[in-house]
Amino acid sequence: PVCSMGNSTSRLYSTLARTLSSSAVSQHQDCLEQPDSAQRDPIDPKDLLEECQIVLQKRPPRFQRNFVDLKKNAASNHRPIRVMQWNILAQALGEGKDNFVQCPMEALKWEERKCLILEEILAYKPDILCLQEVDHYFDTFEPLLSRLGYQCTFFPKPWSPCLDVEQNNGPDGCALFFLKDRFELINSVNIRLTAMKLKTNQVAIAQTLKCNETGRLFCIAVTHLKARTGWERFRSAQGCDLLQNLKSITQGAKIPLIICGDFNAEPTEEVYREFSNSSLNLNSAYKLLSPDGQSEPPYTTWKIRPSGECRHTLDYIWYSQHALNVNSALGLLTEEQIGPNRLPSFNYPSDHLSLVCDFSFNQDPDRLL
């Protein structure tokens, strides 16, 4: 039998327990109840992955994606920093607003979809995880990832569209997670983006971290800019505001910077050019996968809505190219893997692909500024 969870107590696989067979849950009976977040016991990622796979046993297996080695310089003596960027698709939007006409509602069931999301995160083991459209932060991602050793931060949108959906789970927003054994938090800023001097519904989180191994400081930021055609100038203004904030936080690029986000903007848009030409000396990591190192991938999101097929490059990992090297990047899913019904699907939980890069510090960053 499944033990009583009590009143707002956290527990091992709290979010998975409802979907597991009672025998699977009973194996972890001793771990299921914890009085509060400060006393949560660590959990083994292998155990959590096993639990996810039990829930997903009737679904097709995960797609295989390979890392592409991009190292040009001599190998660093230090472990790289793995950064994962992903718009995971808010549950309320997936079920209630996004109209994925080729995706069966069955594929969007949260009890299983959350396990697909967790499986993807556990497969790539990021040191830093940047997510957008998170509407299950408090009941899923924070309880589980904190027990996997991550420090967790969430900043919801002020007027999330999720709240318009019946039986929603609260607002969606950006979330940032980093492994506490690898980094120390020096500073954290929640930014509500402005456009034309007006506060907007879009947000960012920027954190200055110290790498425990090297002692080096760097800033990691996550954001999600305004969606939809016709809002290009608005996105451009939001991007300018974010860059201004980051210039201040990084003391004008003295502190290396990594920015992850769903920019809702193709590389042809003004906001992309602003980031490319910024005084922060940024480059987009996924350009390095192209033969000439100058072209973005052909898509990072691919879905079918009533209006037709939407195949766009909207998601990016920007980095300080004078201070950081991209050692490798995770290849994207092929059209064949994605399949004719596109995303999301029984195989893949979001309409956006996850991006993952391994970074190392340049030995002499000032020389290249």
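Reply: First, some terms. Helices (H or I, at least four residues) and strands (E, at least two) are DSSP runs, numbered from the N terminus. Contact means heavy atoms within 4.5 Å. Axes are lines fitted to C-alpha atoms, for helices over the stretch in contact, and angles run from 0 to 180 degrees between N-to-C directions.

The model is predicted: local features need pLDDT of at least 70, side-chain atom pairs count only at pLDDT 80 or more, and totals for chains, interfaces and linings use all residues. Residues are numbered from 1 along each chain as its sequence is written, and side-chain values use heavy atoms, with hydrogens and water left out.

Is N327 buried or exposed? N327 is buried, because its relative accessible area is 11%. Buried means under 20% relative accessible area, exposed means over 50%, and partly exposed lies in between (1.4 Å probe, protein chains only). Strand β14 is mostly covered too: six of its seven residues are buried.

What does N327 touch? Leaving aside neighbours within four places in sequence, its contacts are V68, D69, L70, K71, P80, D358, F359 and S360. With S360 there is a polar contact, side chain to side chain, at 3.0 Å. A polar contact is a pair of N or O atoms within 3.5 Å; within protein, one must be able to donate a hydrogen and the other to accept it, and residues adjacent in sequence count only if both atoms are side-chain atoms.

Step back to the sheet. Two strands pair if DSSP finds at least two bridges between them. Strand β14 sits in an open sheet of seven strands, in the order β1-β14-β15-β2-β3-β5-β4, with mixed pairing. Its edge strands are β1 (67–69) and β4 (150–156), each pairing on one side only. On average, neighbouring strands here are turned by 20° against each other, direction ignored.

Strand β14 has partners on both sides. β1 and β14 run antiparallel and are joined by three bridges. Here V68 stands opposite A329, and F67 has L330 as its bridge partner. β14 and β15 also run antiparallel, with five bridges between them. In β15, A329 has C357 as its bridge partner.

Helices pack here as well. α4 (residues 110–124) touches β1, β2 (81–87), β3 (128–134), β14 and β15 (355–361). The direction of α4 makes about 160° with that of β2. Helix α5 (residues 137–147) lies across β3, β4 and β5 (173–179), at about 160° to β4.

There is another sheet. It is open, with six strands in the order β6-β7-β8-β9-β13-β10 and mixed pairing. β6 (183–195) and β10 (282–284) stand at its edges; each has a single partner strand, so one side of each is left without a neighbour in the sheet. Its twist averages 20° from one strand to the next. β6 and β7 (residues 198–211) run antiparallel, joined by 11 bridges. E184 stands opposite K210 in β7. Helix α6 (residues 232–249) lies across β6, β7, β8 (217–224), β9 (257–262) and β10, at about 145° to β6.
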